[in-house]
Amino acid sequence: MNALMIRRYRYEIMPGPAAQQSLARAFGCARVVFNDYVAANRARHLNNQPFLSDVEAQRLLITAAKKAPEREWLAEVSVVLLQQSIRDAGTAYRNFFNSLSGRRKGRRVGLPKFKSKHQGEQSIRFTVNGFSIRGGHTNTHPDNPTPGRLYLAKIGTIPVRWSRALPSAPKSVTITHTPDGRYFASFTVDVPEKAAVAPAHPGRVAGIDLGLNEFAAVVYSDGTREIIDNPRFARAAARRLSRAQKSLNRKVKGSKNRAKQKRRVASLHRHVANQRLDHAHQVAARLIRENQTIAVETLSITGLARTSLAKSIHDAGWGQFLSILGAKAVEQNRTVAAAPAGFPSTRACTLCGTNSGAKPLHVRIWTCACGAVLDRDYNAATNLLMVAGGHSETLNACGADVRRHLARPRSDRDAAIRDEAGTRPTRTPSRVR
Ligand SMILES: [Zn+2]
């Protein structure tokens with residue numbers, strides 16, 4: 001019997017005008033309860049009182065609050081989503097305290113903030129008592145002509161675009177309203193854990209240097225290497241997005257045209273983000289399928305200094321890629337290893353280890369004092385392969401000759417192939433590392 005794991009299945013939903021109104025009210029009530037919790041805790045903190053437990057908060061901010069005239073409208077929405085809003089606020093506080101004490105790893109979590117009506121995305125969550133699927137199937141099979149509709153307590157039934165089959169009865173559903181005006185339902189479902197499959201190259205270690213011009217330079221412990229490009233369409237989509245953003249800035253504030261353009265920009269944003277996510281999934285899946293160990297520079301991108309908008313967007317992409325890679329590695333029994341913090345993967349020569357200092361980004365090839373001629377990115381990837389992926393077998397397999405071969409400059413042919421693929425050298429924000 002396989003263990004179960006939780007998966008999310010997301011579908012677009014099409015609420016009619018009445019359901020849209022009820023949803024707007026539900027988003028509002030969930031937000032008010034969340035904010036009341038944050039306000040209550042701030043007041044208690046000032047008076048040196050302990051923070052509210054979830055149970056106390058539910059009694060005080062839902063049950064008791066409904067009796068007061070200024071909160072009686074809370075009764076108009078399902079109590080299930082209000083309780084969930086309290087639980088979410090409670091979790092936000094627990095994450096903050098665990099992050100403070102060091103029990104929660106990773107990036108620092110701040111104190112919960114008030115939610116704004118104007119924040120990008122509105123969401124509410126229903127547990128099993130608050131929703132069901134009614135009157136039909138939840139799959140895409142052609143023999144099932146009646147698609148099931150999503151029933152939400154005190155909101156009604158909403159058509160769902162079942163783009164793929166929902167494998168079993170969902171345990172909860174999160175409804176989101178995106179800035180470009182669409183609605184989505186994300187179900188959590190228990191699915192049997194997939195059995196791990198051995199890597200296509202047993203025991204092989206990959207060292208990855210994530211780049212700005214290209215997605216990554218990858219070297220393998222069997223002496224092969226490759227450049228993984230950014231998807232060809234990403235640059236075009238980014239250009240379209242920047243044009244749309246400029247056009248938005250020119251539109252008169254408060255005008256209908258501006259509102260329309262704003263939705264267009266949001267929709268392009270989502271498109272670009274989806275493409276990036278899709279590419280990250282594909283690259284991570286292939287690396288996991290083929291290798292036993294993947295060596296990276298860092299597991300947390302948030303620690304890097306932000307120097308420009310372009311770079312921070314790249315950082316976000318890398319952070320996303322690393323978390324996908326980590327999740328797939330756990331599923332498939334692979335290892336993701338990071339170099340020690342501050343390891344100078346770009347500055348050190350992979351042959352003699354000499355650290356010759358920072359190199360401006362335009363330096364693609366450099367020569368070490370020991371005579372080695374090195375490709376900037378492949379040298380960094382080889383260092384990561386050695387250090388992060390470096391158990392002794394790998395070190396032995398990766399003798400000096402192999403390293404020299406892995407870190408050598410790219411040939412003109414490499415460059416020509418990449419030009420055909422639509423990647424060309426571009427000016428990037430000057431960054432020294
Ligand atoms: Zn050297």
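**Figure 1. Helix 7 and helix 9.** The axes of helix 7 (residues 376–387) and helix 9 (residues 400–407) cross at roughly 140° and come within 8 Å of each other. Helices (H or I, at least four residues) and strands (E, at least two) are DSSP runs, numbered from the N terminus. Axes are lines fitted to C-alpha atoms, for helices over the stretch in contact, and angles run from 0 to 180 degrees between N-to-C directions. Tyr378, Asn379 and Thr382 of helix 7 meet Arg403, Leu406 and Ala407 of helix 9; two residues are in contact if their C-beta atoms, placed from the backbone, lie within 7 Å. The residues of this contact divide into three nonpolar, two polar and one charged. In this classification Ala, Val, Leu, Ile, Met, Phe, Trp, Tyr, Cys and Pro are nonpolar, Asp, Glu, Lys and Arg are charged, and the others, Gly among them, are polar.

This is a predicted model, in which local features need pLDDT of at least 70, side-chain atom pairs count only at pLDDT 80 or more, and totals for chains, interfaces and linings use all residues. Residues are numbered from 1 along each chain as its sequence is written.

**Figure 2. The buried side of helix 9.** Arg403, Leu406 and Ala407 are the buried residues of helix 9. They lie on the same side of helix 9, because they cover an arc of only 85° around the axis; the arc is that of the directions from the helix axis to the C-beta atoms. A residue is buried if 20 or more other C-beta atoms lie within 10 Å of its own, exposed if 12 or fewer, and partly exposed in between, with C-beta atoms placed from the backbone. The cover over the buried residues of helix 9 includes strand 9 (216–220), strand 10, strand 14 (373–375) and helix 7.

**Figure 3. The hairpin of strand 9 and strand 10, with Arg225.** Strand 9 and strand 10 run antiparallel and are joined by four bridges; two strands pair if DSSP finds at least two bridges between them. The two strands form a hairpin with four residues between them, and Gly223 in the turn has a positive phi of about 90°. Arg225 belongs to strand 10 (residues 225–228) and is the bridge partner of Val219. The covered face of strand 10 holds Arg225 and Ile227, whereas Glu226 and Ile228 are on the uncovered one. Arg225 counts as buried because it has 23 C-beta neighbours inside 10 Å. Leaving aside neighbours within four places in sequence, Arg225 is in contact with Val218, Val219, Tyr220, Tyr378 and Leu406. Arg225 and Tyr378 are 153 residues apart in sequence, yet their C-alpha atoms are 8.1 Å apart in space.

Figure 4. Three strands form an open sheet in the order 3-4-5, with antiparallel pairing. Strand 3 and strand 5 (156–159) stand at the edges with a single partner strand each, so one side of each has no neighbour in the sheet. From one strand to the next the twist averages 30°. Strand 3 pairs with strand 4 (residues 149–152) in the antiparallel sense over four bridges, and Phe131 has Leu152 as its bridge partner in strand 4.

Figure 5. Four strands in the order 1-7-6-2 form an open sheet with antiparallel pairing. Strand 1 (4–13) and strand 2 (122–127) are the edge strands, each pairing on one side only. Neighbouring strands of this sheet are turned by 20° against each other on average, direction ignored. Ten bridges connect strand 1 and strand 7 (residues 183–192) in the antiparallel sense, and Leu4 stands opposite Pro192 in strand 7. Helix 1 (residues 17–46) lies across strand 2 and strand 6 (172–177), running at about 90° to strand 2.

**Figure 6. The whole model and its confidence.** The secondary structure of the protein comes to ten helices and 14 strands, and 27% of its 433 residues count as buried. The average pLDDT is 83, and 86% of the residues score at least 70; pLDDT is the predictor's confidence in each residue, from 0 to 100. Over residues 303–309 the pLDDT is below 50, and this stretch has eight contacts in the model beyond near neighbours in sequence. Residues 416–433 also have pLDDT below 50, with 27 contacts beyond near neighbours in sequence. Where pLDDT is low, the predicted coordinates should not be read in detail.
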